[in-house]
Amino acid sequence: MNTVERFIETLTANAAHVSCIRQLDEAIPLIERFMQEKALPPRLHLSPALQREWPVSNGITLSHGTTDGTHKLCASRAWAGIADTGTLVLLSGPDNPTRLNFLPDYHLVFLRKDQIVADKKAIWQKLEQQGALPRAVNFISGPSRTADIEQTIALGAHGPRFLWVFVEG
Amino acid sequence: MIQRDARQFIPNSEQALQDTTLQTALARAKSGFLGKRRKAIALVDDFEFLKQQAQAAKQRALDNIPALLDQFEHNLNAAGGQLHRAATPDDLNRIVLDICQRRQAKIITKGKSMVSEETHLNTALEQAGLDVVETDLGEYIIQLAKEPPSHIIAPAVHKTRQAVAELFRHHHALGERDLNEISNLVEEARQMLRQRFLAADVGITGANLLVASTGSIAIVTNEGNGDLTATLPPVHIVTASLEKLVENLEDAGAILEVLGRSATGQAMSAYTTFFTGPKRPSELDGPEEMHVIVLDNGRSDILQSEFAAMLRCIRCGACLNHCPVYSNVGGHAYGSVYPGPMGSVLTPLLEGLNQGHVLPNASTFCGRCAEVCPMGIPLPDLLRKLREQEHRQQLDSTGWRMVLRFYSWLATRPRWFHLAMRAITFTQRLLRDASGTRLRVPFSNGWNRQRELPAAPDATPFLQQWQKQQERKP
Ligand code: SF4
C-alpha cells in the first residue's frame with residue numbers, strides 16, 4: 001500500500017470522510033450534493049488561503065475570514081498529512097484562522113497528495129526547519145469525540161461533528 | 001459519604017465496595033480501557049521500542065530541568081508569551097487570580113488540568129466571585145455533581161448515563177426531553193457549553209508537554225474543548241507542572257507515541273495542538289495574551305530524591321485501569337487528587353507522608369502497574385519505599401508495629417523460631433475445617449470471607465527432615 005492509500009485508510013478508520021479529486025473545482029459538485037442531502041443552507045465559509053484559489057461556484061454562497069461560530073460549514077487548507085495515524089497538520093496564520101478547525105459543525109480540509117508523509121518523524125524535522133513555530137500547529141485525527149460517558153464513543157463533542165478531507169492530485 | 005481524605009482510605013473503600021452503581025460503572029470502565037489499549041498496542045510493530053524512546057526523551061529532560069525551563073521561557077517570551085514560576089499551589093492560584101482581575105474577567109472556561117485540581121484552583125476562583133466552567137465533558141459532569149474527578153483521564157468514569165441524565169435535568173432548565181441515549185447527553189452538553197466558550201473572558205488549560213526548544217505547550221484532547229478554551233477568549237492561561245518539559249519537538253513526538261495508545265487506545269487523539277505564544281499581529285484569531293504557569297510544589301525536591309522516577313509520569317491512566325485495587329474501589333476512595341498506583345506514590349510525596357501514608361498500602365504488589373506503565377516507572381518499588389518510610393516515621397498502627405517487632409525478634413533467634421514453628425504446626429491441626437485442607441482462624445472472619453488459608457500437610461516439616469538427614473550423614 002502506498003502512503004496516500006494508507007493515509008486514506010487510517011483517516012477513514014478515524015471516522016473522517018475522504019474524497020479524492022484531481023483539482024479543486026471537482027469538489028464543488030460534491031459539496032453541493034452534500035448540502036442538499038443534509039438539507040444545509042448552501043453557504044460555505046473559507047479560510048483566506050482557500051478563498052484566493054476557490055473556483056467559481058455559483059450554487060454556493062461564499063464568505064471568508066475567521067468565524068464567530070455562526071458558520072456551519074468551514075473549509076481550510078492543511079499543511080501536511082500523516083499516513084500512519086490518519087492525521088492532518090494545519091498551521092495557523094493570516095491565511096489559516098484556527099477557529100475554523102473547531103467551531104463549525106462540518107469541517108472541510110483540502111490537502112495535496114504530495115503533502116502526505118509516512119509518519120510524524122518527517123513532520124518534526126519539517127517544523128524544526130521552519131524556525132519559530134506558528135502560533136498554533138493543529139494535529140487533527142478525525143472529528144471531535146468523547147468517551148466520557150460510560151466509555152462509549154460519541155462524535156461531535158465540542159468540535160466538528162463531521163470531518164471531510166479532500167485529497168487533491 | 002466518601003471522605004476527601006487520603007487517611008480514610010479503608011472506610012472509604014468499604015463504602016465503595018457496597019455501592020452497586022459504582023461497581024457497575026467501574027466494571028464497564030475497566031473492560032473498555034483494557035480492550036482499547038490492548039488493540040492499539042497490537043497494531044504497532046514494537047511497542048517496547050516506542051516506550052524506550054519515550055522514556056529516554058523524558059529522562060533527558062528530567063536530567064536538565066532548570067536549563068530547559070530557562071530555554072522554554074526565552075522562547076516563549078520571543079513568541080510574545082509570558083512564563084510564571086509558581087513554587088506552591090497558592091502561588092499558582094494567586095497568579096491566575098491576578099491575571100483574571102487585571103482583565104476584569106467574569107467568565108472563565110477551563111480545559112482539563114490535573115495541576116489545577118492539585119492547587120484547587122476552581123475553589124480559589126469561585127471564592128473570588130468568578131464564574132468557572134469546566135468544558136471537558138467528564139469534568140463538566142463532575143462539576144455539576146460537585147465531586148472531584150475519580151480518574152485522571154476520565155473524571156466521570158464513576159457515573160452511569162442515568163446519573164448524568166439526572167444531573168442535566170436538574171441543572172439545565174430545558175423542559176421535557178429524551179436523555180436516554182448517550183448521544184443526546186453529549187449534544188446537550190455541546191449546546192450548553194458552546195455559549196460559554198464564546199462568552200469567556202479567560203480560558204485556562206493544562207498542558208501535556210512544554211517544549212523547550214520552541215517555547216510551545218502541547219494539549220491533547222478528543223473533544224476539542226482544549227482548543228476552544230485556548231483560542232476563543234482574549235486570554236489563555238496554561239497551568240502545568242515542571243516535569244512536563246521536554247527538549248524538543250522530536251522528544252515531544254516520542255511521548256505522544258505512547259500517550260494516546262496507553263490512555264485511550266488511540267494512535268493519536270483527535271486533537272493534538274502545539275501553541276506558541278498569543279495571536280500574531282497579522283492573524284485573524286487567537287488570544288491577545290498567553291501565560292504559562294509552571295508549578296513546582298515540591299517537584300524539584302522529588303527530582304533529587306529516590307522517587308525521581310515518578311516524575312516521568314505522563315498521566316496516561318494505564319496504571320489505574322490495570323490496578324485490581326483501583327478497579328474495585330474507584331478513584332474517590334483514595335481521597336486524594338491523584339488516585340490509583342500513581343496517586344498512591346504521588347500523594348505522600350506532594351502532600352506529605354502524614355497525609356498520604358495509608359495509600360502506599362493500597363496495593364497488592366501484583367506488579368501490573370509497572371508492567372503497563374509506558375514510562376517504565378517502578379511503581380511497586382516506590383510504594384515499598386514509601387511503606388518503609390511510613391514504618392520508620394512510626395505512622396503505621398501500633399498493633400501492626402508490635403506484630404512486626406515481635407516477628408523480627410523471633411526471626412533473628414533460630415531456636416525460638418523453630419520452637420514457634422513447631423507449635424504452630426501442631427496447633428493448626430486443631431483449626432482445620434471439615435475438608436482438612438483449609439484453616440479456620442478464630443477472630444479473623446473478615447480475612448476468611450475473601451481468602452483461604454491452606455492447612456499445612458501432616459508430613460514432617462522441612463527443617464526437621466533436614467536435621468535428620470544431616471544427622472544421618474557420616
Ligand atoms: S504512572 Fe505510568 S501508567 Fe500510571 S499514569 Fe503515570 S505514566 Fe501512566
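Here are a few notes on the aromatic contacts in this predicted model.

1. Start with the total: counting over all chains, there are 16 aromatic pairs in the structure. One of them brings together A:Tyr106 and A:Phe162, with ring centres 5.7 Å apart and planes at 55°, so it goes down as tilted. Angles over 60 degrees would be needed for edge-to-face.

2. Where do A:Tyr106 and A:Phe162 lie? A:Tyr106 is in strand 7 of chain A (residues 106-112), while A:Phe162 belongs to strand 12 (residues 162-168), so this pair ties together parts 56 residues apart in sequence. As for solvent, A:Tyr106 is buried at a relative accessible area of 13%, and A:Phe162 also counts as buried, at 13%.

3. Next, a pair across chains. A:Trp124 sits in helix 5 of chain A (residues 120-129) and B:Phe274 in strand 9 of chain B (residues 271-275), so the contact joins two chains.

4. Finally, charges over rings. In chain A, the charged end of A:Lys126 is placed over the ring of A:Trp79, 4.6 Å from the ring centre. Chain B has B:Arg384, whose charged end sits over the ring of B:Phe365 at 4.7 Å from its centre.

Definitions and conventions
Residues are numbered from 1 along each chain as its sequence is written. Chains are lettered from A and ligands numbered from 1 in the order in which they are written. This is a predicted model: local features need pLDDT of at least 70, side-chain atom pairs count only at pLDDT 80 or more; totals for chains, interfaces and linings use all residues. Side-chain values use heavy atoms; hydrogens and water are left out. Rings of Phe, Tyr and Trp (its six-membered ring) pair if their centres lie within 6.5 Å; planes under 30 degrees apart count as stacked, over 60 as edge-to-face and the rest as tilted. Helices (H or I, at least four residues) and strands (E, at least two) are DSSP runs, numbered from the N terminus. Buried means under 20% relative accessible area, exposed over 50%, partly exposed in between (1.4 Å probe, protein chains only). A charge sits over a ring if NZ of Lys or CZ of Arg is within 6 Å of the ring centre and within 35 degrees of the ring normal.
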